[in-house]
Amino acid sequence: MRNRMIAGNWKMNKTYTEGVVLAQGLAKELADGTGDVDVVVCPPTVDLKGVAEVIKQEGAPFSLGAQNVYWEESGAFTGETAPGMLTNIGATYCIIGHSERRGYFGESDEDINKKAKALMAHDIVPISCCGEPLEVREDGKHVEFVVDQIKKDTEGLEISDPSKYVVAYEPIWAIGTGKTATADDAQEVCGAIRKTLAEIFGQETADGIRVLYGGSAKPENVAGFLEKEDVDGALVGGASLKADSFAAMVKAAM
Ligand code: PEP
């Protein structure tokens with residue numbers, strides 16, 4: 001049985017002060033709890049401490065996630081953040097392999113694989129993103145493209161607790177564009193992801209791994225995705241920047 005998950009990716013939005021206000025607003029919106037839905041908030045690195053304090057002070061029913069990590073433990077890697085630093089500040093999740101990191105910062109599947117291993121060694125749950133660009137979708141090669149990413153991103157991983165590894169399928173053409181995939185599009189690829197995970201890790205493990213959909217998900221459309229067998233939740237960008245819309249998505253998942 002997989003708990004649904006709604007994760008918010010604030011991207012490079014919200015100053016420290018604004019982030020605290022948003023986290024407080026979300027704590028208020030979700031004051032009655034989130035049932036069986038796991039909720040994760042992923043602010044920019046400089047906001048992590050402020051949001052961690054809100055979670056602690058308000059007893060907020062959501063977990064803290066980072067948006068990126070480097071795989072080394074410490075050292076001369078200017079501008080980077082080590083997994084132990086995330087743990088120390090209270091982060092228990094971390095997004096890796098987001099298409100913006102792959103596209104603008106040249107991250108490869110090999111990098112993403114190293115990040116996943118480093119996070120898991122620190123008991124931080126990776127939310128590992130995959131997804132095809134528009135031209136691949138138009139060529140009808142989207143399933144094989146994503147399956148190839150999954151194989152490379154998970155190479156050599158040991159998953160003893162499937163609730164501690166999350167995949168997010170985010171077709172690049174649907175991110176921040178207002179253009180959503182249909183629920184059937186999402187199911188086609190999320191189903192193929194689970195099948196691939198089963199080939200790699202065994203069916204029981206694959207059945208416990210959450211596979212999220214991301215790409216212009218919002219309160220009005222999230223329920224349609226969640227009805228699909230292999231879609232276990234959503235990774236949300238734009239609609240996570242307002243407490244009421246993000247909370248509405250959590251409530252739709254409950
Ligand atoms: C994302 O960047 O992870 C995302 C899904 O963004 P949006 O919801 O804004 O499309």
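Hi everyone, let's start with Ser216, which sits in the loop between β7 (210-214) and α10 (222-226). Helices here are DSSP runs of H or I with at least four residues, strands are runs of E with at least two, and both are numbered from the N terminus.

A quick word on the model: it is predicted, so local features need pLDDT of at least 70 and side-chain atom pairs count only at pLDDT 80 or more, while totals for chains, interfaces and linings use all residues. Residues are numbered from 1 along each chain as its sequence is written, and side-chain values use heavy atoms, with hydrogens and water left out.

Back to our serine. Phi of Ser216 is near 55°, a positive value in a residue other than glycine. Is Ser216 buried or exposed? Ser216 counts as buried because its relative accessibility is 17%; buried means under 20%, exposed over 50%, and partly exposed in between, with a 1.4 Å probe and protein chains only.

Lys14 also has a positive phi, near 85°. That lysine belongs to the loop between β1 (5-9) and α1 (16-29), and counts as partly exposed because its relative accessibility is 30%.

Now, the ligand. Which residues come nearest to it? Of the 14 around it, they are Lys11, His98, Glu170, Gly176 and Ser216, where being around means having a heavy atom within 4 Å.

Glycine backbones show up here too. A polar backbone atom of Gly176 is 2.7 Å from a ligand oxygen, and for Gly238 that distance is 2.8 Å. Taken alone the ligand exposes 290 Å², and the protein buries 95% of that, using Shrake-Rupley areas with a 1.4 Å probe. Thanks, all!

Definitions and conventions:
Polar contact = N/O pair within 3.5 Å; in protein donor to acceptor, adjacent residues only side chain to side chain.
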